[in-house]
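Hello,

Here is the structure we talked about. Please have a look, then read my notes below.

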Amino acid sequence: MKLTRMITIGIAAIGLSFAANAADLRVGLQSEPSSIDPHYHNLGPNNGFATHIFGALVGSDENQQHYPDLAVSWKPVDDTTWEFKLRQGVKWHDGSPFSADDVLFTVERAQNVPNSPSSFVTYLKGKTFSKIDDHTVHIKTEKPYPLMPNDMTTVKIISAKAGKGASTEDYNSGKAAIGTGPYKFVEWVPGDRIVLERNDDYFGAKAAFDKVTFKPIKSGPARISALLAGDVDFIDNVPPLDVARLKKDNSVQLSGGPSNRVIYLHMDQFREDSPHIKAKDGGAIKNPLMDVRVRKAISMSINRDAIVDRVMEGVAVKAGQLLPAGFHGVSDKMKPEAYDPKMAKKLMAEAGYPDGFKMVVHGPNDRYINDAKIAEALAQMLNRVGIDASVETMTKAVYFKRASRGGPDKSPEFSFMVLGWGAGSGEASSPLKALLHTYDKSKGLGAANRGRHTDAEVDTLIQKALATVDSDARGKLLAAATEKAVGENYGVIPLHYQVNTWAAKAGYKYLPRTDERTIVMGLSAN
Amino acid sequence: MTAFILRRSLQSIIVLLVMSLIVFVGVNLVGDPVDMLINPEADQFEIDRVIRELGLDRPVAEQYWYFMINAFQGDLGRSFVFGEPALKLIIQRMPATMELALFSLFIAISFGIPLGVYAGLKPTSKISRTIMASSILGFSMPTFWVGIILIMFFSVNLGWLPSTGRGDVATYFGITSSIFTLDGLSHLFLPAFNLALFKLSSVIRLARAGTREVILQDYIKFARAKGLGEGRIIRVHLLKNIMIPIVTVIGLEFGSLIAFSTVTETVFAWPGMGKLIIDAIYNLDRPIVVAYLMIIVLIFVTLNLIVDIMYSFLDPRVRIKGVS
């Protein structure tokens, strides 16, 4: 054993001489992007990563507020046309100039990437792009469309010259990975590392690091130990259990803040006979969740403070609506429901269920932070007001299929379920149109409405908001829709907003992002 | 020998076919990959488009039929997540896993056999008892936990070895591997030791049991009576005779080192096949799961064949049928 030790010491001594340059950064990522192609896979890890290399017309800052990126200004010129003025003098990583042709090329390609498992068509369809001059683009829609700037934050602009005929493989190899962002692509070894270097010609604030290496480290404890061992300088998704311990560690700087993701409950409101609800004696029962008083009683029986303090280790913020304060279209009247089991019991009795009923709480166990524990805590709280709740959690791969399409005729299977929603557009319209608008395939609305809540007034408000270009007026409509759908109807029950935590080595601080993305431009020396 | 190899190859093909059917049907029964792949904000049209594009709207039998047609042309399907051929992705990551498995096999043999033989020769000494007690620990401690402890101790507390990832690689003799650089070796040591621990323990126990048995044999006594040195007795008469069970176990276990490196690869973020398959299982990336399992079956079948052939070299009494 003496020999092994000597060998280890020897190896370690040599290892130390490889100490990294101070201007280099190594990042431990929980989720590796599945491609460098910015249009291949429309999903969080890819979209966040692409921001380093590629720009969009409109930027989205840490609070999902818009700022000029490749477009310097944008405004509606008539009811159905938006004008985007492009930035002058921008150079691609290969030195060629950026112009309106690149934007038009991007729009064409982003909708036609072969094998794309999730495309950008959602943000581009129904929009006609036209070049007015080299630095002006008009976007026409059939109806007034207020979310144009939001949509333009999602699609990364690629170079027409480098992207002509390029496949996803060409981006992954770096051949076509030519952007305008603050970092240039160097190499990607899948599963091992992605390397970027500073782009000295970037038009905005220069990148802080000469070289950035992203290392995918999926396991939470392994990511933390890599940071503590000094193998990486910065990690994302710190598990809540470790937050308290790391706070005391002077070699580590934590940063976190509420995200745009609300954890909420969907309740079956479309079946008289709900599959996972029974009378206490096991017999059939009319679905009590159809009664708004029962939904309100459930909301009152939930001790949100206890969930935040005990289940989430304090790393969450209790929720009263679908997005935290500060986002566009949230209501300033709505507060988190107060814990009131007595009133809950009274409401249950009024609704005709003085003795409660039997119900299964379904939830994932590997999708949201502490999701299975949340479901268990909920069941205990429901038991206290007489609802005989049992818990069934499962892996996300199985859960989401059953929650969305597991029942007969591809209807949602579960009666009562724990879910989460991140508002990608940073506006209340995102959860409202997906979760609370009536499920309507022809309009593409209510796509994630797994409780099939429906209310004509809410639908009208949402549709009106989606066609109101004036920002203030739209915000008011969205707030009104939320007040009606969540506050009065209890169409869904919000529990808490997730808080995401990043950790950097001492001396660096990360500006926490509400969109949960890990973007090194937000990391600075303090 | 040729007939033997031919017959075994034929059997292997049947095993592969049966496996492909079981695996394909199995993975298609679980969940829906669309929900793992798609942006939650996608509307109903986009969800339907992806289901069609991935061919998930077709019956499983039809999907299997197309899979088999393509498989015979060497195409095991495209990864849902990466959009690249599954086989390419697996082969891309194979060297990292192979190097990890081979290096841990090297650790298991080079420490396991001497320690085991020593424990067998001096069964009552304190050192032997310590070796045997430690080998029980090696068997019973979960790999995941040991991995984290190794990282905490050697990387976080002592700062001797890196905790994560693969180091620099270099190419010699047409092989690109991280064992040729010091940085690479320092990255390799902890995960390889973590993976080797279980094998190390079994090699120690096998070597000890073999030694205890062989040392009492008449030919050892005769060699001693003849006045041969202890070193020569161990090298020539003992080691050769305890090797058969060890080779069998090592051969078969090498397959499991490759197949079950998943845990170690996850803890140490080692960019090998194991990490790929774990991610693929979580994301329901069915083509990768199927292709990976087919490759693992192929590896096991080949290793079995090699072990059988090696027997005949190690023990002249073993004759392979078909050899005249």
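A residue counts as buried here if 20 or more other C-beta atoms lie within 10 Å of its own. By that cut-off, 51% of the 526 residues in chain A are buried. Bear in mind that this is a predicted model.

Overall shape of chain A. Its C-alpha atoms fill a box of roughly 75 × 70 × 40 Å along the principal axes. The radius of gyration is 25 Å, which agrees with the value near 24 Å that a compact globule of 526 residues would have. Chain A holds 17 helices and 20 strands. Among its contacts with a separation of 6 or more, 69% join residues 24 or more positions apart.

Helix 2 of chain A. This helix spans residues 44-53 and is mostly covered, with seven of its ten residues buried. Those are A:Asn46, A:Asn47, A:Phe49, A:Ala50, A:Thr51, A:His52 and A:Ile53. What do they pack against? The partners are helix 5 (148-154), strand 8 (183-189) and strand 9 (193-198), each in chain A.

The interface. In chain A, 48 residues are in contact with 51 residues of chain B. Several elements of chain A supply at least two residues each to this side, including helix 4 (121-124), helix 7 (168-173), strand 10 (211-216) and helix 8 (220-228). Helix 1 of chain A gives the largest share, six residues. By class, the side of chain A that touches chain B has 24 nonpolar, 17 polar and seven charged residues.

Best regards

Note on methods: Residues numbered from 1 in each chain as written. Chains lettered and ligands numbered in written order. Predicted model: local features only at pLDDT ≥ 70, side-chain atom pairs only at ≥ 80, totals over all residues. Buried ≥ 20, exposed ≤ 12 C-beta atoms within 10 Å, placed from the backbone. Helix = DSSP H or I, 4+ residues; strand = E, 2+ residues; numbered from the N terminus. Contact = placed C-beta atoms within 7 Å. Rg over C-alpha atoms; globule rule 2.2 N^0.38 Å. Nonpolar A, V, L, I, M, F, W, Y, C, P; charged D, E, K, R; others polar.
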